[in-house]
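Here's a quick briefing to read alongside the model. Grab a viewer and follow along.

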Amino acid sequence: DEEALRQAVAAEAGPILDAAPQTEGFRETAWWSQTRQEIIENVVDSVVALGNDAAYEFLDSEVSFGFNSPPLVIEKEGDQLRLRGFIDRVDRTAGGRIRIIDYKLAGSSSYQKRHFAEGKRLQLPLYALAAQQTLHLGGVKDGFYWHFQNIDDNNFTLAKADGGVEGAIETAVDHAWDIVQGVREGRFFPRPPEQGCPDYCPAASFCWQYRPRGF
């Protein structure tokens with residue numbers, strides 16, 4: 001019942017949103033009441049949308065690895081990369097296979113298949129590897145980024161990646177090792193993002209590479 005769900009979410013969200021300006025450190029404006037309502041509506045719409053897939057049932061949320069449990073260990077030629085993190089949500093099929101969901105507040109434009117191929121947005125397949133290899137939650141059938149503002153999964157899923165879930169994991173691991181090697185070699189050259197630089201970047205006032213975002 002969506003109305004009952006909306007009332008339950010509103011009741012749970014009330015104290016959190018009441019305290020948000022102080023706990024999160026922002027100034028409450030006249031628009032805050034409208035923003036609060038949008039947050040509640042986005043949560044309700046997302047719960048309904050994700051719950052409509054009868055092939056999966058909710059298993060767990062905020063599943064950690066590397067904190068109170070072993071980290072994800074990726075080995076290569078006698079070397080090790082150790083990762084820790086939190087998986088936002090894990091769903092499971094009746095057959096025991098799982099689906100990884102990573103919640104995002106940002107829009108879906110920067111989470112397309114090409115961004116992953118370029119070595120960006122790697123956390124989803126690495127979470128899938130951690131779920132299988134470290135947490136032993138079962139084989140991963142699929143996974144996606146869920147965008148609350150769009151109420152969608154942006155059409156990029158692990159199952160749709162080149163080589164499927166295993167191909168996505170392999171690609172992410174390769175990119176991760178490239179990043180590690182770059183850090184070790186001191187490769188920190190500034191590169192403006194494709195969509196322009198955020199104005200909150202601490203180097204915005206002096207970086208010769210700074211390019212403001214266009215609208």
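H4 and H5 sit roughly perpendicular to each other, because their axes cross at roughly 110 degrees and an angle of 65 to 115 falls in that class. The axes come within 8 Å. Bear in mind as you read that this is a predicted model.

**The H4–H5 pair**
- Helix H4 covers residues 123–133, and helix H5 covers residues 164–184.
- On the H4 side, the contact is made by Pro125, Leu126, Ala128, Leu129 and Gln132.
- H5 answers with Glu166, Ala168, Ile169, Ala172 and Val173.
- H4 is mostly covered, with 8 of its 11 residues buried.
- Those buried H4 residues are Leu124, Pro125, Leu126, Tyr127, Ala128, Leu129, Ala130 and Ala131.
- Over in H5 you'll find Gly182, which is buried at a relative accessible area of 5%.
- Gly182 and Ile169 are 13 residues apart in sequence, and their C-alpha atoms are 20 Å apart in space.

**The H1–H2 pair**
- Helix H1 (residues 2–24) packs against helix H2 (residues 32–51) at an angle of about 135 degrees, and the two axes are 9 Å apart.
- That angle makes H1 oblique to H2.
- From H1, the contact takes in Glu2, Leu5, Arg6, Val9, Ala10, Ala13, Gly14, Leu17, Asp18, Ala20 and Pro21.
- From H2, the partners are Trp32, Arg36, Ile39, Ile40, Glu41, Val43, Val44, Val47 and Val48.
- As for handedness, H1 and H2 cross in a right-handed way.

**Rings and charges**
- The count of aromatic pairs comes to 7.
- One of them joins Phe144 and Trp146, a tilted pair with 6.1 Å from centre to centre and 55 degrees between the planes.
- Phe144 and Trp146 are both buried.
- Two arginines sit over tyrosine rings: Arg99 lies over the face of Tyr56, 4.0 Å from the ring centre, and the charged end of Arg121 is over the ring of Tyr111, 4.5 Å from its centre.

- Glu62 has a positive phi of about 50 degrees, even though it isn't a glycine.
- Glu62 belongs to strand E1, residues 57–65, and counts as partly exposed at 47% relative accessibility.
- His136 also isn't a glycine, yet has a positive phi of about 55 degrees.
- His136 is in the loop between H4 and strand E6 (140–147), and at 63% relative accessibility His136 counts as exposed.

- Thr93 is in the loop between strand E4 (85–92) and strand E5 (98–104).
- Is Thr93 buried or exposed? At 11% relative accessibility, Thr93 is buried, because the cut-off for that label is under 20%.
- Setting aside residues up to four places away in sequence, Thr93 touches Ala55, Tyr56 and Lys141.
- Tyr56, then, is touched by Thr93 and has Arg99 lying over its face.
- Pro192 is in the segment after H5 and counts as partly exposed at 29% relative accessibility.
- Leaving out neighbours within four places in sequence, Pro192 is in contact with Cys197, Gln209 and Arg211.
- Pro192 and Pro212 are 20 residues apart in sequence and 9.1 Å apart in space, C-alpha to C-alpha.

**The whole chain**
- The protein chain has 5 helices and 6 strands.
- Reading from the N terminus, the elements go α-α-β-β-β-β-β-α-α-β-α.
- The C-alpha atoms fill a box of roughly 55 × 55 × 35 Å along the principal axes.
- Of the 215 residues in the protein chain, 36% are buried.
- Among contacts with a separation of 6 or more, 60% are between residues 24 or more positions apart.

Technical notes: Residues are numbered from 1 along each chain as its sequence is written. This is a predicted model: local features need pLDDT of at least 70, side-chain atom pairs count only at pLDDT 80 or more; totals for chains, interfaces and linings use all residues. Side-chain values use heavy atoms; hydrogens and water are left out. Rings of Phe, Tyr and Trp (its six-membered ring) pair if their centres lie within 6.5 Å; planes under 30 degrees apart count as stacked, over 60 as edge-to-face and the rest as tilted. Buried means under 20% relative accessible area, exposed over 50%, partly exposed in between (1.4 Å probe, protein chains only). A charge sits over a ring if NZ of Lys or CZ of Arg is within 6 Å of the ring centre and within 35 degrees of the ring normal. Axes are lines fitted to C-alpha atoms, for helices over the stretch in contact, and angles run from 0 to 180 degrees between N-to-C directions. Helices (H or I, at least four residues) and strands (E, at least two) are DSSP runs, numbered from the N terminus. Angles under 35 degrees count as roughly parallel, over 145 as roughly antiparallel, 65 to 115 as roughly perpendicular and the rest as oblique. A crossing is left-handed if the near helix is turned anticlockwise from the far one by less than a right angle, and right-handed if clockwise. Contact means heavy atoms within 4.5 Å.
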